[in-house]
Amino acid sequence: MTAKHRFGLHLPGLLKVLAEHLYGSRNVGVRELLQNAHDSCVRRRIEEQGPRYRPRIDLTTDERQQTLTIRDNGCGLTEEEIHTYLATIGRGYTRELRELLGTDSPSEAGELIGQFGLGFLSAFLLAREVTVTTRSYKGGPTLRWSCSGDEHFGLAPAPDQPIGTSVELQLKPAAAFLLEAGTLEDVVRNYADFLPTPIHVEGDHAPANCMLPPWEADDPEEACRAYARRAGRSDPLWVLPLTDEKINLGHDTLTVPLRGFLFVPPSSVASVSEHGDLSIYIRRMFICDRERHLLPPWARFVRGVIDCPVLQPTASREGIHQDDSFTSVRNAIEAQLTRGLRNLARRDPDGWRRLVRAHADLVVGWAVKDDGFFESIKDVVPFRTTRGLLSLPEYLACTNGTIYYVTRELGSLQDQLLAEGRDLPAIDASWFEVPTFLNKYARQKPGVGLKRLDVEADELMRPAPEGDLAPLAAYCRAQGWRFKVAAFRPAEVPALMLYPPGAETAAGAGRALRRKEVAGGLAGLIKAYVEDHPGAADDHGGTLYLNASCGVLRKLAQASPSPEVLAATLIMLRQLARLFCGRALTAADAAAAFGDFTDNLERIALK
Amino acid sequence: MNLNDWLASQARDIADSGDADRLRMLGCYSRAFKLRETDPDGAFAAFTEGRQLAQRLDEPWWALYYEKYRIDALIHFKRDYRQTIDMAVQLVLDLNKPGNAGYPGRVPCWDSLLAAYLGVDAEGYAEPIQEAIDTLEKEVPDCPDSERYLLTARKVVFALEQERYQDAYKHCMAELKLAADDDKQSRGAHYAAFVFCELCQVGATIENWPQVARWAKAGEELSQAVGHQCERAEASAWQAVAAWHAGNRTEAARILQGAIATTRSLGMPPNRGYYEALITYHLAARDLESALRVREDELSTTQNRGRLLYECRLHVERCRLLSALRRLRPADLDAARAAAGKLRKPQRYLDQLAALRVS
């Protein structure tokens, strides 16, 4: 039979670990002591039931002595309670009282915050020596407990003091920053702003905490909006106060107690790393901010503050556990957010439009991944086009059911010209998620086509018989130029140059090979690339489109000009087209093209 | 200064400056790497965001850095080669721009170009690929460094593509030696996980099943340790093949199901070696129908992805299986010939197809 043995406990080591490594920030130590003080006040009110009791917490410092004192007028401790709770790690009176009150008086139970019986240890995060002076409302002497963070503590009678507890911390050098002016006020506002117990710093008659969360104000929506304005330094586009939510568990329903609000700031950073996040309170005590997993993943443009007692804090209470309660709260938030956005879209279409437009890049980015979200925004989200911001239904109303887009920022002037020549706006799809979104949209909408103008601009050209421009075509052919006769708009444009995909890279590769700029061993691969793009590697690799709709060209063809004039004119048109296209040109190419243009202009003009 | 030193000093400077935009730019890499197996599109988007941020912030070296990884994401995460050669050629040309002369990541950029050509048509471009490998062999120091690992890995792939299995084995062993000598154990383990999968392919060609079992086990354990789910599934599939040949049929079926389940849970298309293992398994069991199903699944994840040689070989293999099942139709041969027609050197495959009989 296997003998059972008991674990040994090295108390100094355990104390050191709990006190110094459980918490990520020293500020949390003050929060834990404030929370103990608050629970003590709640306990006194519940147990003593004195009608004139006014709870109060005071924080005072002594820079010379390097001390911080947290004093409350709560219930105080008897000698027995000091041994049972204060000096027993992992056992806290608050948890036991909450369990006692749980069914009979849930609202009073809900005011108590402490859970683990560990919070007091955080005093040793801040202090090398802690002195607790306490007098219980139950009577008995004032007692002084002191400890230096080892396994021993002292306990002795002390001079009388009013009912309550004062915790004096002999601060470590690393915690001396708490003595700096304004620091304690900041800590109080950060962690305990919504605690209902007034907290006074350095005897100030006005409490440092506001004591009332905005969602409990007389006009919660306005108060939440004002809070969001302060937090985000700008007016939110939309605010949604949260309420308890009944969620369906299949076999049963569960009511998730929820307080707080969600809001949408006026803008966001378009980034795949941008996340919606929440500040989390539990029983009005701040736990953490930037919690990213309680909002649905598509809600990257949403921020918020929630207070939810069913969330389970970690032992250090700097984060929350992702357990079943967490999932229930997340479902409750998603349900209210979805309902709220749907109502906004129905009741305030302009507001909904403003919201989607303000976060268009994020909205587009997430919609490509989330089909449900895509459905809800696909017809609302606006895109930059050559005619300003347009939603896709607005855009498609201007086109023949085809989406024309460019992947370089608003494309080249030529892409825009060709599109507008056909009375078609072009969409700027330079942001990397936009082409994917447009693809998804076109796949889902029967009859909607998709054309990328920077590689498929020839789609906007209508083939035309060469006959109309026969002499011009003959000259181009004789020169060995790649050309096509096509009809396109605007009719004022005589000729354009279009390059095939990869032409610019191939031209650049050809140049690099000629200049021997390619690292030796890679020359073969680069050469293979150039060979795979025949014609594109020379500087004139594009195709010249002669516009059969252009009146001047037709007149030129019919006028039978002298070969010299015809040649000069076509050379000028070709160089004009190259220059206007602006692609596959180096500065030297452009200078040469201008030179060619002016030479031929001179030839015609001075003839 | 090598690339790692530059990255480390940049990371320090950016962290010290607290510049939020540059911090976001810096973070794009780790986000992308985390997403690579579950959401390769997301990984590509994160690299693209990194490049766009770099361009907006006027950081040309970071733009090069992220462009290289965009290409690598297409090659290794999405296994979509359609744009990779265009992008890699442009990247190599961009290295020539005056401000990029001192960029310390030149060799990784060259490697992307090499990897792109290897994946598109390693036979058609065999001569320039060999020339590039020979040059890099001289440029890259022969010590455990990322550049040497990458070059050795390319040599393995090139040898496998050309069915030079002895050479592939030799290069695999050289890469394992690099890993063994590497001070950075995690880096060595990262590369070695791939090598063991490739060794399984080599071992299968000579039907050395006990050796395949050992390599597959090592590959599976290493992949698990370094978090490569795709390679873990591939190594498991080879374990299943080895177990089958060792007579452990029930165990083999169980391992194979595990490998398939792992692969299905990933967003990244499986490796060629994974499919090869599955088909080897089914052929060992003389289950031609299942082998054909796997081949067709492999073809569906490969076709129109710019992997011209691979796609052509899959068509040929599919036609062979259909012929063995007496179900080969002219349309199947036409599709295979069309795939061969995209190659620089199609004749070998056209001859193989000509030898097959239509049912």
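In chain A, an open sheet of four strands has the order 20-21-23-22, with mixed pairing; strands pair if DSSP finds at least two bridges between them. Strand 20 (462-463) and strand 22 (495-498) of chain A each have a single partner strand, so one side of each is left without a neighbour in the sheet. This is a predicted model in which local features need pLDDT of at least 70 and side-chain atom pairs count only at pLDDT 80 or more, while totals for chains, interfaces and linings use all residues. Residues are numbered from 1 along each chain as its sequence is written, chains are lettered from A and ligands numbered from 1 in the order in which they are written, and side-chain values use heavy atoms, leaving out hydrogens and water.

- Helices (H or I, at least four residues) and strands (E, at least two) are DSSP runs, numbered from the N terminus.
- Strand 21 (residues 483-487) and strand 23 (residues 543-547) of chain A run parallel and are joined by four bridges.
- A:A486 has A:N547 of strand 23 as its bridge partner.
- Helix 21 (residues 563-581) of chain A lies across strand 22 and strand 23, at about 50 degrees to strand 22; axes are lines fitted to C-alpha atoms, for helices over the stretch in contact, and angles run from 0 to 180 degrees between N-to-C directions.

**The seven-stranded sheet**
- Another open sheet of chain A has seven strands in the order 5-4-3-6-2-1-7, with mixed pairing.
- Its edge strands, strand 5 (153-157) and strand 7 (199-201) of chain A, each pair on one side only.
- Strand 1 (residues 57-62) and strand 2 (residues 67-72) of chain A are antiparallel and share six bridges, with A:L59 opposite A:I70.

**A hairpin**
- Strand 15 and strand 16 of chain A form a hairpin with two residues between them.
- Four bridges join these antiparallel strands, and A:T385 is the bridge partner of A:G388.

**The interface of chain B and chain A**
- 27 residues of chain B are in contact (heavy atoms within 4.5 Å) with 27 residues of chain A.
- The rule finds two salt bridges across the interface, a salt bridge being a side-chain nitrogen of Lys or Arg within 4 Å of a carboxyl oxygen of Asp or Glu.
- B:R344 forms a salt bridge with A:D532, with the closest N and O atoms 3.3 Å apart.
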